[in-house]
Amino acid sequence: MFINDTIAAISTPMGEGGIGIIRISGKDALQVAEKIIRLRSHKAVGEITSHTVHYGFVCDPMTDEKVDEVLAVFMQNPRSYTAEDVFEIHCHGGLIPIKRIYDLTLKSGARPAEPGEFTKRAFLNGRIDLSQAEAVIDLIRAKTDAGSRAALGQLEGRLSTQIKQVRDTLLEMIAYAEAAIDFPEEDIEEMTAAQIAERIAKSNLVLEHLLDTASSGRVLREGLHTVIVGKPNVGKSSLLNALLGENRAIVTDIPGTTRDIIEEYINIKGIPLRIVDTAGVRETEDVIEKIGVEKARELFQQADLILMVLDMSRPLDIEDHKLLLELTNRPAVILLNKADLPVLLDEQQVRSIVPDKPILLISIAENRGMALLEEQILSMVYQGTVVGGEGTIVTNARHQQAIQNAHSSLVEAVQSIDSKMPLDCIVVDLRAAWESLGQISGDTLGEDIIDQIFSTFCIGK
Ligand code: GDP
């Protein structure tokens with residue numbers, strides 16, 4: 001399916017840069033470019049070979065005035081990002097030339113692209129599925145190397161391939177069951193049911209394995225929501241600065257909020273720790289002092305990781321005790337800081353309050369124990385499952401939910417088989433699972449949801 005109109009966008013960030021790229025896609029991409037580009041070779045733009053680079057000028061067709069010196073690239077369909085005819089104009093990276101060339105493409109027959117529209121076309125034209133399209137934006141927004149590797153794996157279709165295999169198996173089973181329904185001798189049904197149960201078990205194993213990767217996958221994509229807590233003066237700010245100092249990764253602005261939120265990402269061996277607003281950490285500590293345990297509880301519920309700092313040079317008091325109790329069932333690491341000073345804190349007492357939590361002795365001042373802390377965070381995120389470069393990782397909550405739903409349907413199918421329900425009932429569950437998994441590739445997803453997914457992309461992508 002081809003969408004007929006031709007779109008254009010500035011595909012590089014606005015600002016001063018070495019180069020800027022204006023991208024045009026659609027059936028008239030070449031004609032639009034032809035109107036505004038004069039090649040040095042005097043060749044007509046309409047005659048250039050696909051996937052070759054040409055030097056020339058963009059000129060205003062009304063006045064013939066030169067606007068900028070450019071390189072022009074034509075990518076004929078289907079060998080392009082969108083699988084349509086794509087024309088890229090590489091100009092100097094100043095705001096004015098980029099904007100003027102973009103305006104000229106619009107005057108010459110293109111319309112402004114919507115956010116994510118290039119990638120959406122790649123999806124609608126069948127070059128990539130929805131999970132691959134989503135990986136494009138994940139790759140752009142990746143906070144760490146590990147995150148970008150996971151996104152690239154997804155972009156290359158690793159997740160799609162596994163999901164497709166399971167869906168194909170399900171479809172075969174549905175066909176098989178339906179055939180058996182048409183021959184209603186009971187023994188055929190029973191035999192079929194037993195075989196189906198066996199294959200469902202295999203499919204479910206694949207789904208379970210994918211679900212196992214989802215919690216670390218989500219962290220790779222979204223960052224580990226981290227909260228640092230403790231009484232005043234225990235060393236929370238020092239800890240934050242020590243972590244930031246060595247590992248500051250990326251500061252991103254999240255547009256669309258009333259006040260743009262600044263997120264700081266700290267890269268701990270590939271795990272992005274998301275500490276929303278450095279000032280927020282300090283607010284947090286005030287909040288806990290002022291509002292107390294109630295608020296702390298709420299904060300702890302939202303956190304993926306709690307770093308609780310205690311001062312070893314002071315004995316444990318009632319406040320510490322209360323906070324420690326709040327950590328029950330939460331992912332937390334207890335840091336006994338200031339290990340360089342004379343010890344007044346009873347470590348055993350702490351251990352008896354939170355017997356299942358890792359307790360690390362550190363000295364931020366002497367930079368002791370920080371490597372252990374990083375190891376600890378890493379092992380908590382991966383929980384023993386090492387996610388290497390080769391494995392498929394589910395990073396997206398939408399995909400996780402779809403896999404979870406498919407898994408539940410298959411579990412129900414097995415239960416129906418076990419309780420000797422008729423095959424018709426089993427087919428219903430198999431279909432439900434097949435549909436759930438189709439939401440990952442976008443096959444069984446409504447247009448409105450697809451639009452919503454692409455609307456979170458940037459313009460020009
Ligand atoms: P916060 O109030 O919890 O944020 O604590 P700060 O990070 O501001 O630290 C309070 C004081 O403890 C500062 O004077 C730090 O220099 C000091 N401090 C932090 N970590 C250590 C440590 O490991 N050893 C020693 N001796 N002092 C530390």
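**Ground rules.** I number residues from 1 along each chain as its sequence is written, and I use heavy atoms for side-chain values, leaving out hydrogens and water. As the model is predicted, local features need pLDDT of at least 70 and side-chain atom pairs count only at pLDDT 80 or more, while totals for chains, interfaces and linings use all residues.

Buried means under 20% relative accessible area, exposed over 50%, and partly exposed in between, with a 1.4 Å probe and protein chains only. I take helices (H or I, at least four residues) and strands (E, at least two) as DSSP runs, numbered from the N terminus.

I then listed the partners of leucine 335, leaving aside neighbours within four places in sequence. Contact here means heavy atoms within 4.5 Å. Leucine 335 touches Leu239, Leu307, Met308, Val309, Leu310, Leu360, Ile362 and Leu373.

I found a nonpolar patch of about 310 Å² made by Met14, Leu95 and Ile96. Patch residues have over 30% relative accessible area and no salt bridge; like charges are joined within 9 Å, nonpolar side chains (Val, Leu, Ile, Met, Phe, Trp, Tyr) within 5 Å. Areas come from the Shrake-Rupley method with a 1.4 Å probe, and for residues only the protein chains shown count as cover. Isoleucine 96 sits in helix α2, residues 95–107. Its relative accessible area is 58%, so isoleucine 96 counts as exposed.

I counted 27 salt bridges in the structure. Each is a side-chain nitrogen of Lys or Arg within 4 Å of a carboxyl oxygen of Asp or Glu.

Arginine 199 meets glutamate 172 at 3.0 Å, N to O. The pair links distant parts of the chain, 27 residues apart: arginine 199 is in helix α7 (186–222) and glutamate 172 in helix α6 (158–182). Arginine 199 is partly exposed at 32%, and glutamate 172 is partly exposed at 46%.

Glutamate 375 meets lysine 269 at 3.7 Å, N to O. They are 106 residues apart, with glutamate 375 in helix α13 and lysine 269 in the loop between β10 (261–268) and β11 (271–276). Glutamate 375 is partly exposed at 43%. Lysine 269 is partly exposed at 44%.

Glutamate 347 and arginine 351 bring their closest N and O atoms to 2.8 Å. Both lie in helix α12 (347–353), 4 residues apart, about one turn of the helix.

I also noted a network of salt bridges linking Asp5, Glu84, Arg111, Glu117 and Arg121.

Which residues of helix α5 (145–155) are buried? I list Ala146, Gly147, Ala150, Ala151, Gly153 and Gln154. They cover an arc of only 160 degrees around the axis, so they lie on the same side of α5. That arc is taken from the directions from the helix axis to the C-beta atoms. Just after α5, glycine 157 takes a positive phi of about 100 degrees.
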